[in-house]
Structures are given as structure tokens and as C-alpha cells.
Amino acid sequence: MMRVARVARARPTTPFQAVLDVLTQAGASQLCSDVPKKWEKFGHVLVFASKLLPSAQLRSEVAEAFLEVFKDVDILLTDDGGIEGELRKPTSRVLFSRPGGRLSD
């Protein structure tokens, strides 16, 4: 009977862990505890609850880390509380847009 050597495989990295790795490599490991653990992805858009991103500086650095991990994402939105009004308009705002992306200005 022939013995087959088992090849050790690296554990798959979750997107969350990949964002933490990007921040750590960029020297921003102090932001790792504030990275949101939940988000929704719709095509080339990621949506975060605004309460999960407390400061403007954090938003920028974390946003860049998410864009580094999600190569197919062009825009990040914050959901500021769902919908409002008679016409049920969403209360989301553009957090960050990839330069040259599909929805960039």
C-alpha cells in the first residue's frame, strides 16, 4: 500500500481577517479593534451600519483596507438608519469610492 503525503494547506482567510491583516501591514493595527465584523455586499457595493464606524479618520483607513480586500467593490456606503419619509428614501451616504470605479465622480 502506497502512503500519500498530506500537504498542509493554509487555513482560508476570512474577509474580516484579511482586512485586519491589511491594517496591520499598513501600521494601523490600533484600528483593528474597531473594524466592523458585519456588512452587506450587493454586487460592487459594501454597506455598513454607520454606528460601526465612529470617526472620520477611522472611516477612511478602514474603507481603504476593505477596498484592498474586496477587489470587485467600487463603493462603500453607510446605512444611517434605514429608510425615512413617505417615499421611503434610504438614509445611506457614500463613505468611500474607489478612484476610477463604476460609480466614482
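Okay, ground rules. The model is predicted, so to speak of local features we need pLDDT of at least 70, side-chain atom pairs count only at pLDDT 80 or more, and totals for chains, interfaces and linings use all residues. Residues are numbered from 1 along each chain as its sequence is written, and side-chain values use heavy atoms, with hydrogens and water left out.

Let's start with the fold. We have two helices and four strands, and from the N terminus they run α-β-β-α-β-β. Those are DSSP runs, H or I of at least four residues for helices and E of at least two for strands, numbered from the N terminus.

The four strands make an open sheet, ordered β1-β2-β3-β4, with mixed pairing. Strands count as paired if DSSP finds at least two bridges between them. At the edges sit β1 (40-42) and β4 (89-97), each with a single partner strand, so one side of each has no neighbour in the sheet. Further in, β2 and β3 (residues 75-84) run parallel, joined by five bridges.

Now, the core. Of the 105 residues, 32% are buried, where buried is under 20% relative accessible area, exposed is over 50%, and partly exposed is in between (1.4 Å probe, protein chains only). The largest nonpolar core holds 18 residues, and L23, V35, L46, F66 and L76 have the most contacts inside it. By nonpolar core I mean buried Ala, Val, Leu, Ile, Met, Phe, Trp, Tyr and Cys residues joined through side-chain atoms within 4.5 Å. Helix α2 gives the largest share of this core, five residues. Take L23: past its neighbours within four places in sequence, its contacts (heavy atoms within 4.5 Å) include V35, V62 and A65.

Last bit: which side chains meet in salt bridges? There are three of these bridges, meaning a side-chain nitrogen of Lys or Arg within 4 Å of a carboxyl oxygen of Asp or Glu. K41 meets D72 at 2.6 Å, N to O. K41 is in strand β1 and D72 in the loop between α2 and β3, so this pair ties together parts 31 residues apart in sequence. K71 and E68 meet at 3.1 Å; K71 is exposed at 57% relative accessibility, while E68 is partly exposed at 42%. Then R98 meets D74 at 3.5 Å, and D74 is buried, at 7%.
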